[in-house]
Structures are given as C-alpha cells and as structure tokens.
Amino acid sequence: MSQVPGKKRGSQLARDIRRHRSVYLLLLFPLTYYIIFKYIPIFNGQIAFKEYMALDGVLGSQWVGLKHFKTFTNSYYFIELLRNTLMYSVGKLLFSLPLAIILSITIYECNKPTLRKMVQTLAYLPHFLSWVIMYGILLALLAPGDGIINDIIKLFGGKPLDFLTNTNAFPWIVIFSDAWKEMGWGAIIFIAALMGIDPSLFEAALVEGASSWQRVRYITLPSIRPVIIIVVLLRLGTILDAGFNQIFMLYSTPVLSVADIIDTWVYRQGLLEFQFGLATAVGLFKGFIGMFLILGSNRLVRRFGGNPLF
Amino acid sequence: MVMKQQNKQSRYRRVGTTSVAIKPGKSDHVFNLVVDLFLIVLLVIIAVPLWSTITLSFRPNDYIGNNLQGMFLAPWEWSFSAYKALLGNQGFLLAFKNSFLILTGGVVTALLLTIPLAYVLSIPTLPGRKYLSLLVVIPYVFNVGMIPTYLLVTNIGLIDHLAAIFLPGAISTYNCLIMRSFFEGLPSELKESARIDGASEIQVLVRIILPLSKAIIMTIGLFYGVSFWNDFFHAMLYLNSNHLQPLPILLRNILMASGMNEYVEVSAFGDAPIAAIKAASVFMSAIPMIIAYPFIQKYFTKGTLLGSVKG
Amino acid sequence: MKRNCTRSSMLVTVVLLLSLSLFAQGAKEATGPTTIELWYGAAITEAGPPPSDWVGFGIIKEKLGIELKLTALPSNESDQDVKIQAAAAANNLPDLFMVRRDVLGRLVPQGLIAPVDDLYAKMPVRTAAHYDDVSKGHARIGGKSYGLADPGSIMKNEGLLIRKDWLDNLGLTIPKTTDELLVMMRAFTFNDPDKNGRNDTWGYGAFQEINNFEAWPGRRLEPLFGAFGVDGTWSLEEANAGLNVMKPEFYDAMVFLKQVADEGIIDPNWLSYKKDDFRAAWKQGRFGIMREQNAAFGAQSNYAPFDKNFPEGNWVIIDPPKGPKGKASIGPYTANFRIYAISAKAAKEGKTDKIVALMEWMASDEGYYLLGWGVEGVNYTKDANGIPVAANLPNANLAFSAPGGQTVTQLRNMVFYNGDIELYARYPKYVTETSKKEMSALAVLREMQTKDWTAQIGSDTLPIPNADLKRFYEQGLSEFITGKRVLTPANWTKWLDEFKRLGGQDWNDKGVAFARENNLLT
C-alpha cells in the first residue's frame with residue numbers, strides 16, 4: 001500500500017515493522033489457526049494427485065499425476081457441466097446481488113417506519129426455509145397437474161406447462177427461487193454498511209437541493225461501494241460453486257442437461273464412490289479458475305480506484 | 001463524478017465533495033412512491049413462502065384441499081401435532097443444549113479469531129499486507145473438500161468433540177474480509193491520532209475500533225451463529241456419541257423417519273404429517289436469528305457511527 | 001503499553017483455551033471389559049438412542065465382558081455412506097458397523113474390512129436363524145465373505161393397488177391386460193371416478209424411485225414394464241441375460257409409457273414428486289392405481305389419513321396386468337439384507353471373539369427379546385400365543401411401541417430375522433377409526449407375496465455404472481417420455497448405440513459375467 005520512493009524503502013520498512021510490533025501479537029492466534037485449520041488440509045489436498053489408500057495415508061499413497069483431473073475433464077458431460085455451473089453462478093450474481101442491493105437501499109430510503117420495519121424483520125426469513133420446503137412451495141405453484149400457476153393458465157383456456165421438468169423453464173426457476181430465498185439475507189450486510197453513512201452528507205445534499213435520485217446515486221451507492229466490491233470479488237473467487245443444495249433438491253432426470261453442475265457431478269461420482277482424490281482434484285480445478293478471476297478483477301478494481309482485496 | 005481522491009482513507013470527505021456538485025431536482029414524490037411500491041411488492045412475494053410454511057406447520061394429517069387452500073389459507077382444522085412431535089421429542093432438550101454450546105462456543109471463538117485478523121488486514125501501512133491477504137484468500141478459493149479436513153480433525157483428536165463443529169470454520173474468509181472492509185471505512189483520523197498518542201494496535205482495536213463497530217460485529221457474529229446452529233453436515237461427520245448430537249441431527253432424524261421407517265407399525269410422532277414437521281422445523285432453525293435480530297436492529301439505525309465519533 | 005499488550009494477549013489465550021477445554025471431553029480408558037464400538041442403524045430414527053442406564057449395557061458388560069459404545073448412524077442412506085467412507089479414509093472405522101453393499105464393495109479393496117467366513121461356525125444359534133447360502137453370498141467379494149448379512153425387509157413386500165370404489169362408481173371391472181388398464185386409467189382421469197364434480201383425478205400415480213436393480217423409471221412403474229417382460233435393470237434369465245434396456249421389448253414398454261404420459265392419464269407430477277409427496281398424494285385421492293409397500297399402505301398410522309378422508313375408499317391388491325405377449329410382473333425382487341461388517345482394525349486388536357460372542361448372545365432368547373421388545377412386564381407382555389404385545393403394562397408410555405419405550409428397541413434390527421413372532425408383533429390387526437374396517441399390514445403382505453414377481457436374487461450386487469453412464473441412461477429415457485427426444489425406432493437405435501459406445505456394452509458384459517460367476521442366472 002505505502003508508495004514510497006525507492007531509496008527510502010529499506011528504512012521505511014524497518015520503521016513500519018517496528019511501528020506495527022503489536023500487530024504480530026494480534027496475528028498470533030489467527031495465523032496459527034490458518035496454518036492448522038486451513039493449510040494442513042491444503043497440504044492433505046495432495047491426494048488430488050494420488051491414488052488415495054486409507055491404510056497408506058496421505059504421504060504413503062502412490063502418485064498418479066493428473067489422472068483425477070483427466071477423469072473430470074474427460075467426462076462425457078464436462079463442457080456441459082462447466083456451462084451449467086457458470087450459467088447459474090453468473091445468473092445469480094447478476095440477478096440476486098443487485099436485488100439485494102436495491103432492497104437494502106429502499107429499506108434505507110423508505111420514510112414510512114412501519115413499512116420499513118416490517119420488511120426489515122421479514123425479508124431475511126426465507127433464508128431459513130430449507131430447499132426441501134422451497135421445493136414443496138415451488139411444486140404447489142408450478143406442478144403440471146394442479147399447480148396454482150397452471151390452474152390460472154387453465155382458467156384462461158391455456159395448456160398447462162411442465163415448468164419443473166422443462167429444460168427451458170428450469171434455469172429461470174433456479175435463479176428466481178434463489179433470489180426469492182436469499183435476497184433479504186444478502187441485503188443484511190449492505191444495510192449494515194448503509195448505517196455507517198454520515199447523515200450530515202444528506203443534510204448538505206438537502207441544502208444543495210439534490211433530488212432523492214441524485215442522493216442515492218451520489219451518496220448512498222458510493223458509500224456502500226467498497227462492500228459491494230468485496231462481495232463481488234469474493235463471489236468471483238467461488239464462481240464454480242453454483243449452489244449444490246438448491247440444484248440437488250430441484251433437479252430431476254428430464255432436466256439434467258441444464259441442471260447438472262460440477263458439484264452434483266462430484267457428489268454422484270466422487271463422494272458416493274470413495275473417489276476422494278477426484279473430489280479434491282475438482283476442488284482444486286475450481287480454485288484455479290476462481291483464483292484467476294479474483295486476481296484479474298482485483299486488478300481492475302485497483303485500476304479504477306476502488307478498494308482492492310490485495 | 002469525482003472518484004479519484006488523493007486521500008484514500010477519507011471516503012467521507014470524498015463523498016461530501018461529490019454531493020456539492022449535485023444539481024437540484026424535484027422528483028422526490030415519485031422516488032418515495034417507487035421505494036414504497038418496491039417494498040410492498042417484496043413483502044407480498046416474501047409472504048407467500050412464509051405464510052404457506054406457517055399454515056403447513058399447523059396442518060392436520062388428513063388435510064385435503066386444493067392447492068390454493070393448501071398454500072395460502074389457514075386450514076380450517078388446526079393441529080399442533082407437528083410442534084408436539086418436535087418439542088416433545090425426548091432428545092430435544094439435550095440436542096438443544098448441545099446446539100447452544102456449539103453456538104456460543106463457536107461465535108466466541110470465531111469473533112476472537114476473526115476480529116484481530118480483519119483489523120490487522122485493514123491497517124493500510126502494514127508491511128506485507130498484500131501477501132497476508134493472499135494467504136487468507138487462498139484457502140477460501142481452493143476448497144480441497146471433505147476428506148483433507150476430516151483427516152486433520154481426526155489427527156488432532158477432535159473427532160467426537162463439539163468443538164469439531166465450529167473450529168474448522170472458526171474463521172470464514174468471507175466474513176473476515178467483509179469485516180475488514182468495514183474497519184477500513186472507519187474515519188482514519190481517529191486511528192491516526194490514537195497512534196500518534198502512542199497507543200498500540202491492540203489498544204486502537206479495543207478502544208477505538210470495537211466501540212465503533214458494534215453493528216458489523218453483531219452482524220458477522222450472527223452470520224457465524226446461524227451457520228453453526230444449522231450445521232448438519234459436520235455434526236453428522238464428526239460426532240459419534242449419541243449424547244453429543246445437536247438439533248440439526250435430531251431434526252433430520254425426525255424428517256427422514258418416513259423414508260426409513262416404512263416397515264414400522266407405529267409412528268413415534270403420532271398424527272403429524274411429515275410435511276407439517278418439515279415446516280415446523282424451519283422455525284427451529286431460525287431460533288437464533290429470531291432472538292438475536294431485534295437486538296441487532298437497534299444498532300441498525302442511521303448514523304450510529306457518526307454519533308459515537310462525535311461523542 | 002507493553003504490559004497492556006501482554007495482558008490483553010494473555011486474556012485472549014485464556015479465553016481461547018477455556019472455550020477449547022469446555023468442549024474437549026476426554027475419552028475414558030476402560031481397563032476391564034473390552035470396548036466394542038458399534039455403529040448401528042436405528043430401528044426408529046425419530047426416537048432417541050437407548051438411554052445410558054439401559055439394562056442391556058449392564059447385561060452385556062457382566063455376561064460378555066463388553067463395554068458397548070453405541071453410535072446411531074445418520075438417518076439417511078447417503079449420509080450413512082458419507083460418514084462411513086470418511087471414517088474409512090482416516091482408517092478410523094468402528095469395530096462393528098452396519099454398511100450398505102455398495103460401500104462395502106469399496107472398503108474391502110482398501111483392506112479395511114475383516115473377512116467373516118470363519119465366524120459362522122462360532123455362532124451356531126445365530127447362523128441357524130439368520131444366515132443361509134444366499135446371505136453369505138450377498139457380502140462375498142473376491143471369494144471371501146466380508147459381512148454378516150442379516151435379513152432385511154421382507155421379500156415381495158409391495159403390490160399393485162387399485163381403487164375398487166372408483167371402479168364400482170364407474171361400473172368397471174378389475175383390468176387384466178395393459179389394454180384394459182389403459183381404458184381404466186382414461187376413465188379414472190376423465191370420468192370423475194370420485195364423483196366430486198371436479199376434474200382432479202388421474203389413473204396412475206408414481207414417482208421416480210431408482211436403485212441398482214430397478215433403474216429408470218424405477219420401482220413405482222415396474223408393473224407397466226413387467227407387462228413387457230423388461231422389469232428391473234437386468235434380466236437374469238440364462239437365455240436372455242443382460243441389461244433390459246438393450247432388449248427390443250424395452251422399446252415397446254417405452255412406447256406404452258409414452259402413450260400413458262401423453263394422454264395425461266398418469267399424474268403428471270410423477271416426474272417432480274419425491275417420496276413424501278407421492279405418499280401424501282394417494283392419501284388425498286389423486287389417483288386410482290399405484291404400486292405401494294405393504295406397511296406404507298396398510299400400517300395403522302399410514303392408512304389412517306386416507307381412512308378419514310375417504311371412509312368409502314377401498315384399495316384392493318390386484319394381479320399385474322398382462323402385456324401383449326402375456327407377460328406380467330409386479331417387478332423384480334431380491335433378498336434384502338442389513339450387513340454388519342467388522343473392521344480390519346478391530347480384528348487386529350483381537351476383538352473378533354468378543355464381537356462373535358455379542359452377536360451370538362443377541363440371537364439367544366435373552367438377547368432376542370431384550371433387544372427386540374425390551375423387558376417383559378415393563379416394555380411388553382406376552383399374549384396367549386407367546387407373541388409380545390403392548391398391553392397390560394404398568395406404564396403404557398414405556399410400551400415398546402410407545403415413544404417412551406422405543407428407545408430400548410433401537411438395536412432390534414440386529415436380532416430380527418422376520419420370524420412369525422416379529423411379524424405378528426410388528427403388524428398387529430386393527431380396526432380403522434372412521435370406516436371400522438379390519439386391517440392388518442401382515443394380511444396385506446401375505447396377499448402381495450402371492451402375485452407374480454420376477455425372481456432376481458442377487459441383482460442388487462451386480463456392477464453399477466459410472467456417474468456419466470448412469471446419467472446418460474436416466475436422462476435419455478426420461479427425455480424420450482417428456483418429448484425432448486422423439487421416440488421413433490431410428491432415434492431409439494441411435495440413442496442405444498451411443499449408450500453402448502459410452503460404456504453401456506461394457507457394463508452389460510461385466511454384469512452378465514458377474515452374474516454367471518456368482519450363479520445368479522436362473
């Protein structure tokens with residue numbers, strides 16, 4: 001961070017370190033924690049390149065090179081899995097995240113206390129509905145036999161639609177239902193950020209005669225920008241996680257071509273069949289893509305003057 | 001928009017200067033209308049799953065009706081059998097106690113580990129901050145999965161201890177970096193003046209940062225709490241002793257009963273339909289949230305930060 | 001300032017250590033009796049584990065010198081698999097544990113399981129009641145038996161059921177052939193069989209319930225595929241052995257199912273239903289024909305909601321309809337087992353003899369009644385025929401069938417072998433509350449067993465395809481039904497060729513070879 005001229009660098013660094021002595025004390029526990037609970041598992045992650053045998057342990061198992069990675073990339077469905085995974089994670093990023101931001105801003109801007117309180121208290125609750133419950137609700141709404149939506153369609157003389165087993169409708173259902181369930185929960189962090197805005201800014205804006213739209217655009221949004229950037233960066237880092245629990249609950253055989261994602265594939269292929277090397281290899285594969293995206297977008301953030309991750 | 005500013009820490013001043021350039025407008029009424037409308041539509045949309053879950057949880061076993069009645073209208077015959085089945089389960093109190101221990105132990109440990117790390121990462125002049133950040137992000141991005149962590153938990157003897165549920169997740173990189181971004185947003189003048197007065201970083205953290213960050217600490221604490229409270233998977237994996245099983249395991253055992261026990265002549269939960277039990281268990285999983293959120297909302301009031309800075 | 005630093009960091013340390021030690025319950029070392037760790041499949045998952053003061057612990061300790069340490073496995077099969085495999089990966093398996101056949105097949109090559117061939121002779125009582133050649137063969141891998149396969153659910157415990165009251169309302173008779181079945185499904189769908197004035201019923205009801213030996217469309221639709229002689233994943237007839245999907249009759253069955261789906265005479269939710277939805281649906285009178293399990297249909301608590309909703313309702317068990325070539329079958333059946341395996345670690349630590357003693361004791365009269373029903377006079381009494389009943393007890397809540405007593409019978413699956421006493425006790429006769437019908441899941445079972453089934457003992461031990469091939473299979477077939485693929489002979493052949501190329505042929509050949517090797521062909 002500190003941009004200092006080259007010749008001063010050495011002494012500056014020494015001074016910085018001296019100045020931050022007590023920082024290392026603060027770091028003692030978190031760093032020890034990281035080494036034990038985060039980096040030892042990563043070290044154990046070498047089983048991605050090994051034929052893991054329980055009796056031989058991590059170190060004693062035979063190296064097999066990229067075998068597990070090849071099993072994954074040579075899958076008959078590899079391209080499709082990648083496509084579906086990206087479709088859902090990018091779709092959710094582009095749909096749910098803006099909605100969560102809009103929700104937090106509207107809650108913040110709402111000048112009717114009762115309405116604001118009601119939304120604030122209820123909006124997060126759908127997060128706690130498990131996907132089992134959500135599936136039941138979706139079934140009641142969308143079932144081809146007697147779903148409410150189809151009842152309405154039939155009322156107007158239309159032909160009932162098979163939303164849940166139709167490959168065109170399924171992706172939309174996944175993305176909408178995710179927003180439905182998680183939007184309020186996702187907004188909490190932005191609401192917390194909004195509470196830090198200095199009210200005198202608004203007073204100043206009022207004096208200047210700024211409209212509400214302008215206030216949102218020039219005060220509210222910019223002040224939660226750092227949080228938005230962090231959230232987006234972190235979500236890019238796990239771009240190949242598309243929501244296992246949701247897909248696993250919602251999908252059925254007729255829509256596999258648009259529903260199967262990397263994680264569901266690993267679940268069926270790896271975890272249930274003692275192929276732990278494969279599961280770990282796929283985890284690393286996802287990590288490489290995520291790291292690439294996080295580093296790239298971090299650069300962009302830095303270039304455009306935001307608060308970067310590194 | 002004036003985005004480039006020399007002083008990176010002074011976001012407040014930056015935004016302040018920006019607002020000066022704004023020209024007056026007169027569409028506040030439309031704005032308020034749009035805001036209210038959005039919130040009202042949202043309320044309706046959210047009410048659908050919530051209300052239908054509530055009515056479902058009170059549904060008697062022999063309920064029939066068309067879908068519309070099933071989803072939106074209160075059944076004409078209410079039944080508390082689902083709640084009886086859950087709360088009356090012999091294991092309920094023990095499981096609740098275990099979950100409570102996991103929750104409190106988890107949140108305390110997680111915050112004690114996350115806050116210092118987030119704070120250190122937020123110090124702009126820290127040497128090697130970039131590499132430290134990278135060190136924190138790598139394990140987040142490279143998720144090596146279940147077995148490498150399971151091997152660790154076994155090797156350090158945590159299997160069959162409640163701590164195994166929260167220790168592997170005691171620092172969530174996501175929560176940590178969000179917290180960092182809040183710390184970064186605090187007015188730097190305060191920190192600088194304290195440092196000039198000779199305060200150590202620990203003192204800055206405890207005396208200046210923490211009092212200003214109650215809202216975010218409670219929010220992050222809540223995120224941790226909810227995830228530990230509802231952690232089924234790690235409890236299933238790491239806990240063996242029957243007396244250590246937490247609430248998510250108990251709920252799962254009840255929910256799965258219909259799938260596993262079709263050979264059984266009697267049902268332990270009497271006349272509660274499985275769908276009602278599923279719905280009722282939602283409210284169990286939201287308990288910490290329902291209890292804690294109102295308290296947190298107290299801190300969610302406009303300008304909390306500034307008031308304390310001035311005071 | 002420095003002192004402050006140290007003090008606060010010490011504070012942090014202390015709190016951290018405290019929070020750790022609070023949760024670290026140290027394991028106590030037992031010196032006297034041998035500790036046997038047992039991961040069991042709970043008999044009644046929603047009831048808790050046996051209490052710590054359960055009399056069984058004392059008896060087992062005193063008589064056998066065993067300190068029994070119990071862990072209930074997760075309540076769902078794939079969770080069980082994950083837990084066991086994770087423990088296996090860390091070489092941390094318990095001494096004795098219940099495990100599914102597929103998982104066992106993966107643990108044995110890792111060298112984690114001890115063979116049990118020698119143990120049968122050491123427990124004569126148990127072997128006589130529980131094990132025969134089929135069960136010994138069930139867990140045989142590479143010539144050795146690696147698990148004690150105890151009898152699981154009863155064979156042929158499902159049946160094809162039809163709403164007799166709907167038939168009577170419409171003046172129809174029980175269908176004997178697939179053609180008559182079609183006529184009746186249409187009538188059930190379009191002619192308002194329940195006379196409620198609404199068009200809210202369908203002919204057939206199902207959901208996708210798939211397993212190793214009942215591949216897509218799965219168990220609930222086997223009676224339709226049985227009419228074409230292609231029920232189940234495999235055919236194990238000597239002359240015709242192989243994957244059913246590769247047989248020409250399978251195409252005919254697909255055409256039939258496609259017609260049923262297109263005409264809308266099967267509940268269209270069948271592709272979206274999960275098990276609970278399906279079971280709620282028949283209780284609400286949505287369809288008139290289904291394949292259901294005897295207790296899921298006929299046990300008191302399962303039948304009660306239907307009885308209350310439809311006092312006039314009447315499901316009858318029928319023969320599977322005959323197809324164009326006169327074939328008929330409810331579906332394939334195999335012998336079901338619960339496998340208990342001994343870890344290689346336990347064998348190495350010399351615990352095998354203790355485990356054998358435990359298993360043998362469980363088969364003694366004392367163990368059988370104690371684990372099956374509890375303590376006589378407390379949890380059960382015997383009726384005139386010597387059958388345990390939940391009557392005349394001082395505290396009714398402690399009856400083996402009441403919530404208070406269920407915890408002491410959690411291990412009963414380790415002692416039950418589907419003997420008559422068990423069946424009478426499990427499936428007692430009862431009178432329904434609203435319609436006052438006399439019912440018994442046992443009578444239902446006995447009737448279901450008399451219908452035509454396809455014998456496929458051991459078909460659940462055949463090789464399974466990899467995930468890609470399995471998906472290709474299931475996705476392809478379901479797409480033919482939903483219309484995403486057009487079902488014509490040309491398209492079918494094309495799909496089948498691709499299936500074979502992807503590994504289907506190989507799977508077929510391996511399966512046939514395995515069946516031949518293990519004498520599974522009939």
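This is a tour of a predicted model, stop by stop, with what to select and what is found there.

**Before you start**

Residues are numbered from 1 along each chain as its sequence is written, while chains are lettered from A and ligands numbered from 1 in the order in which they are written. Because the model is predicted, local features need pLDDT of at least 70 and side-chain atom pairs count only at pLDDT 80 or more, whereas totals for chains, interfaces and linings use all residues. The model scores ipTM 0.88 and pTM 0.88.

**Stop 1: chain B**

Select chain B, whose secondary structure comes to 18 helices and zero strands; helices (H or I, at least four residues) and strands (E, at least two) are DSSP runs, numbered from the N terminus. Of its 311 residues, 50% are buried, a residue being buried if 20 or more other C-beta atoms lie within 10 Å of its own, exposed if 12 or fewer, and partly exposed in between, with C-beta atoms placed from the backbone. The domain assignment, which is automatic or from a database, gives domain 1 (25-79) and domain 2 (88-310) of chain B. Six residues of domain 1 of chain B are in contact with eight residues of domain 2 of chain B, where contact means that the C-beta atoms of two residues, placed from the backbone, lie within 7 Å.

**Stop 2: where chain B meets chain A**

Now show chain A as well: 94 residues of chain B are in contact with 97 residues of chain A. On the chain B side, the largest share, 15 residues, comes from helix H2 (residues 28-57) of chain B. That side of chain B has 58 nonpolar, 25 polar and 11 charged residues, with Ala, Val, Leu, Ile, Met, Phe, Trp, Tyr, Cys and Pro counted as nonpolar, Asp, Glu, Lys and Arg as charged, and the others, Gly among them, as polar.

**Stop 3: helix H14 of chain A**

Select residues 262-269 of chain A, which form helix H14; six of its eight residues are buried, so H14(A) is largely enclosed by the rest of the structure. The buried residues are A:Ile262, A:Asp263, A:Thr264, A:Trp265, A:Val266 and A:Gln269. Their cover includes helix H5 (78-109), helix H12 (244-250) and helix H15 (276-303) of chain A, together with helix H20 (467-482) of chain C.

**Stop 4: a sheet in chain C**

In chain C, find the open sheet of four strands in the order E9-E12-E8-E13, with mixed pairing; two strands pair if DSSP finds at least two bridges between them. Strand E9 (202-204) and strand E13 (315-318) of chain C stand at the edges, each with a single partner strand, so one side of each is left without a neighbour in the sheet. Two bridges join E9(C) to strand E12 (residues 287-293) of chain C, and these strands run parallel; C:Tyr204 has C:Ile289 as its bridge partner in E12(C). Across E9 and E12 of chain C lies helix H8 (residues 178-190) of chain C, running at about 150° to E9(C), with axes fitted to C-alpha atoms, for helices over the stretch in contact, and angles taken from 0 to 180 degrees between N-to-C directions.

**Stop 5: confidence in chain C**

Chain C averages a pLDDT of 89, and 94% of the residues score at least 70. Over residues 21-30 of chain C, however, pLDDT stays under 50. Where pLDDT is low, the predicted coordinates should not be read in detail.

Note on methods
pLDDT is the predictor's confidence in each residue, from 0 to 100.
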